[in-house]
Amino acid sequence: MFKNSFLIACLLLAQTVFAQKNAAPIPLKYGAQYEGKRTDEAMQKWRSNRFGQFIHWGLYAIPGGVWNGKTYNYAAEFLKSSARIPTTTWDSLMYQFNPKGFNAKAWAKMAKGMGVKYMTITTKHHEGFCLFPSKFTEFNIANTPYKKDILKELVDAYNAEGIDVNFYYSVLDWHHPDWRYDIKSEADSMAMVRLLKFEENQLRELAENYPTVKGFWFDGTWDNSIKKNGKWTYEMEMMLKKIRPGVVVNSRLRADDLGARHRDSNGKLMGDYESGYERRLPPATELKVTQWDWEACMTVPENQWGYHKDWSISHVKTPVELLEMLVHTTSMGGNFLLNFGPGGDGTFRKEEHNIADYIGKWMAKNSDAIVGCDYAGWDKQDWGYFTRRGKESKVNAIVFNVPVSGVLKIKVPAKTTIVKAYFKEGGKPVTVKEVAKDQYQLTLPGKLFATPPVIIIETSGGDNSKQYKDALT
Ligand code: JFZ
């Protein structure tokens, strides 16, 4: 009897799983636009960039997490909300915005020196202040003592260094009187219509006035008021792509007809890449992420995007920790967007300069193992990461944990032979030994490495296919 009911339960379970897999797709007007990865040139460039600099800069950089002598430990860009500062009081910070130490060219040089290929900057964060002169609100850079179009200065300076610029834009707006967290009445609905029209105007302004913009990074879209406006999120994606063909838009903008976010109600990714990895990376086993484009954004302290005066309240990631995150991300086919929060005076703090120097020195020698590289299709090993450029037969091994034995174990895909291995820097050969079918050992010289070494592994055979497929279970 028990045996029978168990069998029936199993059958029922199998049936539901089967039914789910074969369910007819939900018809959607505002769902995903396409399946799989975008393959056009602009998207290939976005993907090959791999390493970007995120910049959070706004009025919150002036108080830097401190209000009336009290330090608020929550994210500095949320100070208005954490310290319950009235909008008019907060907004008057704009009359103090005059970054004396700001130099767009110096910022761009520092970014170039760090090895980033793109930069994403907050044109408007939740506070509503615009770093660009906007026709649609007075609350913008032109009405500060600084007066000049700081966004244009930055776009020009970064572009001159060969760095792509993307615009972060918060849909959530604490300044605009028509922002609503939810729509519960006709009045709310009309307010949101006005708000969304205002934002459409601003987005058009950004796309038209800064012709080299390469992407839009939306944020502040998690509230019900936006989930109920999936159509608008779809229309914004379409509008931006019409004004600036090739522009890349993150999944965080999007909601579908039914309010599903990032992924539509049929499970398909909306926008051009997945932007949900925030202050965390997919674990090495989560290889399904290699099937789509994605980007992880990362803070240096635990949770500060805007400038905070006191970084002693949480762990401050070291340069090598952040470098490892960049390599980890590349090895899984993602982009790594590392955040910087310049102060109200327009300068970066010492820790940020140190990070830029350290990663920059490493990138100057090894960027070939990052930029343009992707998931290599080889099993992850505890000592580090593999990356590969396209379908090249060469694989980069980037070592972060040198084993006490000095031996790096490697398992290659079927039919692959390791021909030779050598240090990228200096070209010194590394001893290769085949120890079993598809298994090799590389022996490192018995010495300490000051920075993570890159070993180039040349192979023959195999199909170098890095397509990951979930097992059929
Ligand atoms: C948002 C902002 O609130 C924050 O100030 C910063 O700009 C950051 C990049 O984005 O914060 C988020 C957004 C999404 C998640 C977490 C924090 N998330 O998906 O887990």
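A residue is taken as buried when its relative accessible area is under 20%. By that criterion, seven of the seven residues of S4 are buried, so this strand is largely enclosed by the rest of the structure. The model is a predicted one, and strand S4 (residues 118–124) is a welcome place to begin, since confidence in the protein is highest there, at a mean of 99. At the other end of the scale stands H1, where confidence is lowest, with a mean of 55. Where pLDDT is low, the predicted coordinates should not be read in detail. Across the protein, the average pLDDT is 94, and 93% of the residues score at least 70.

Strand S4 belongs to an open sheet of eight strands with parallel pairing, arranged in the order S7-S6-S5-S4-S1-S10-S9-S8. The edges of this sheet are formed by strand S7 (248–249) and strand S8 (274–278), each of which pairs on one side only. On one flank of S4, strand S1 (residues 51–55) pairs with S4 in the parallel sense over four bridges, and Ile55 stands opposite Ile121 in S4. On the other flank, six bridges join S4 to S5, again in parallel; here Thr120 has Asn166 in S5 as its bridge partner.

How many of the residues of S6 are buried? Five of the five are, so S6, too, is largely enclosed by the rest of the structure. In a regular strand the side chains alternate between the two faces of the sheet. In S6, Gly215, Trp217 and Asp219 lie on one side and Phe216 and Phe218 on the other, and both faces are covered, with all of these residues buried.

The residues around the ligand are Phe54, His56, Glu77, Phe78, His125, His126, Tyr168, Asp219, Trp222, Arg252, Glu278 and Trp305. This shell divides into five nonpolar, three polar and four charged residues. An oxygen atom of the ligand is 2.7 Å from an N or O atom in the side chain of His126. For the side chain of Asp219, the distance from an N or O atom to a ligand oxygen is 2.8 Å, and for that of Arg252 the corresponding value is 3.3 Å. Taken alone, the ligand exposes 450 Å², of which the protein buries 76%.

Lys409 has Gln441 in S17 as its bridge partner. In the loop between strand S16 (429–436) and S17 lies Asp438, a residue other than glycine whose phi is positive, near 65°. Asp438 has a relative accessible area of 15% and is therefore buried.

A positive phi, of about 60°, is also found at Arg279, although this residue is not a glycine. Arg279 is located in the loop between S8 and S9. Is Arg279 buried or partly exposed? With a relative accessible area of 34%, Arg279 is partly exposed.

Lys309 sits in the loop between strand S9 (294–298) and helix H10 (319–331) and counts as partly exposed, at 46% relative accessibility. Although 245 residues separate Lys309 from Gly64 in sequence, their C-alpha atoms are 5.1 Å apart in space. Thr39 is found in the loop between helix H1 (2–22) and helix H2 (41–49) and, at 61% relative accessibility, counts as exposed. From Thr39 to Pro245 the separation is 206 residues in sequence and 14 Å in space, C-alpha to C-alpha.

How values were computed: Residues numbered from 1 in each chain as written. Predicted model: local features only at pLDDT ≥ 70, side-chain atom pairs only at ≥ 80, totals over all residues. Heavy atoms only, no water. Pairing = 2+ DSSP bridges. Helix = DSSP H or I, 4+ residues; strand = E, 2+ residues; numbered from the N terminus. Buried < 20%, exposed > 50% of the residue type's maximum accessible area, 1.4 Å probe, protein only. Near = heavy atom within 4 Å. Polar contact = N/O pair within 3.5 Å; in protein donor to acceptor, adjacent residues only side chain to side chain. Areas by Shrake-Rupley, 256 points an atom, 1.4 Å probe, with all protein chains shown as cover. Nonpolar A, V, L, I, M, F, W, Y, C, P; charged D, E, K, R; others polar. pLDDT = per-residue confidence, 0-100.
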